[in-house]
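Please consult the sequence and the structure below while reading.

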Amino acid sequence: MFAAWVILYSITKKILWVNVKNMDQTPLNPYHDFYDKLADDAAFFWVLRSAALKQPHFNQIDIVELEQRITARLDGLITSPEEAWTLCEAALEFDQEGEAFVAAVLAFYSLDNYKIQRAVEAGLASPQAFKGLTGALAWLPGSQCHSWIKKFLTSKDLNHKYLAITLCSLRREDPSDYLTAILQRADCIAYKPLYLRALRLIGELKRADLNPFLNIAQQSDDDDIIFWSHWSAVLLGDRAAANRLIPFIKSDDMYQQKAIDIVFRVLPIDDARRLIAQLAASPEQIRTVIKATAALGDPHAVSWLIAQMQTPENARLAGEAFTLITGIDIDDNQLALEAPPKQEGSNVEEDADDNMDMPEDEHLPYPDEHKVSALWATRQQQLVVGKRYFMGKLLEAEHLQNVFVTGKQRQRKMAALELALLLPQQFLLNSAAKGLTDE
């Protein structure tokens, strides 16, 4: 799927870039094409990195390799800052994440107020461009952006405040009294994107002093506010708040996966099992049950997961859940089928590329149910039914920290959540944060 997407991305960029070039007939720098390629590649690799962060087969080393490619292109662009800026500013017309990222990095490195203003305005113009702008400011060292984050926090423009709070969230940096002030202001509360991100940040940073503001938000009848206020309350230690998140598990919306991830990690095991049984009564909820089983981590369900591997459309997800509980990697232990199973009336590989409803299966191996069952028969005595496991071990800080460093991206994200739930003072680590590309 990545290969096809790369071709489509390149063709689209060429068409759009020709149109942008035709708007400006000024003589080109003799090295124009070289810098054009650097800017184009930097934007593309950034988008590729964004996609890789959600993929089950990428680990931190893979992400760092992508980051090194981005850094190399950015370093090249900085050797001719004006030429690079001309290209990047023109590319902002695309209104896309990668172009917004590159333009913002160059703008903030330049310290030029006009360029910074242009990059920020472009980044606030659309959700895609906003991802690029915030990604750039999360990527940059603090010396390049901290003063600007403070300016955004103190700005009268609520869009600037939203940008600043989003950056504090991505960078896991505490805005201190600025966050408190935002939660006290009626205009900030009325600006929903800002209010939601502020509620989310309370939990991410473990700002227990702001718990009263969560209590207020929990009285809302707005689903978005209900979700983030209770999500943060759970991270602050209010396990009962998880019950208000259960309706999100049963609805196929943007919060479903986040609700599954946190609810089944904090509910008492017996309560979690009853909820899973309720979900399992609906055949259309089978994939939700698989995810819930993985989040719960009770080896009691492993045999059931192995049975789900017989169904091609659920096999890969069940294999991932099996690994998340037992720590047994399907590929590393040669438990994968040599060829994808055939499904009647469809081509599995084509469906994997075209079915946007199940992107979570992409790049997961198809487990061989017989091999998995045979290996599990020799290992199952190592895990105790009724206890919670993650990647084959009980929930202990050292193990979770190790998974966060060495695991694959989805595993790292889950390890961060487990750590934050386990340790009262541990803020929620960001598995999407920039790696050690400068060392």
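A residue is termed buried when its relative accessible area is under 20%, exposed when that area is over 50%, and partly exposed in between, using a 1.4 Å probe and protein chains only. The model is predicted, so local features need pLDDT of at least 70 and side-chain atom pairs count only at pLDDT 80 or more, whereas totals for chains, interfaces and linings use all residues. Residues are numbered from 1 along each chain as its sequence is written, and side-chain values use heavy atoms, with hydrogens and water left out.

**The chain as a whole**

- The chain contains 24 helices and 2 strands; these are DSSP runs numbered from the N terminus, with helices being H or I of at least four residues and strands being E of at least two.
- Of its 439 residues, 53% count as buried.
- The accessible surface of the chain is about 21,000 Å², and carbon and sulfur atoms contribute 53% of that surface; the areas come from the Shrake-Rupley method with a 1.4 Å probe, and for residues only the protein chains shown count as cover.
- Among contacts (heavy atoms within 4.5 Å) with a separation of 6 or more, 69% are between residues 24 or more positions apart.

**Salt bridges: rule and count**

- Side chains of opposite charge can pair when their charged atoms come close.
- A salt bridge here is a side-chain nitrogen of Lys or Arg within 4 Å of a carboxyl oxygen of Asp or Glu, and this rule gives a count of 23.

- R200 and E204 form a salt bridge, with 2.9 Å between the closest N and O atoms.
- Both residues belong to helix 12 (residues 192-204), where they are 4 residues apart, about one turn of the helix.
- R200 is partly exposed at 22% relative accessibility, while E204 is buried at 1%.

**A pair of partly exposed residues**

- R185 and D187 are joined by a salt bridge between their side chains, at 2.6 Å from N to O.
- R185 is partly exposed at 34% relative accessibility, and D187 is partly exposed at 33%.

**A pair linking two loops**

- The side chains of D329 and K408 form a salt bridge at 3.3 Å, N to O.
- D329 lies in the loop between helix 20 (312-326) and helix 21 (348-354), and K408 in the loop between helix 23 (397-406) and helix 24 (409-422), so the pair ties together parts that are 79 residues apart in sequence.
- D329 is buried, with a relative accessible area of 13%, whereas K408 is partly exposed at 25%.
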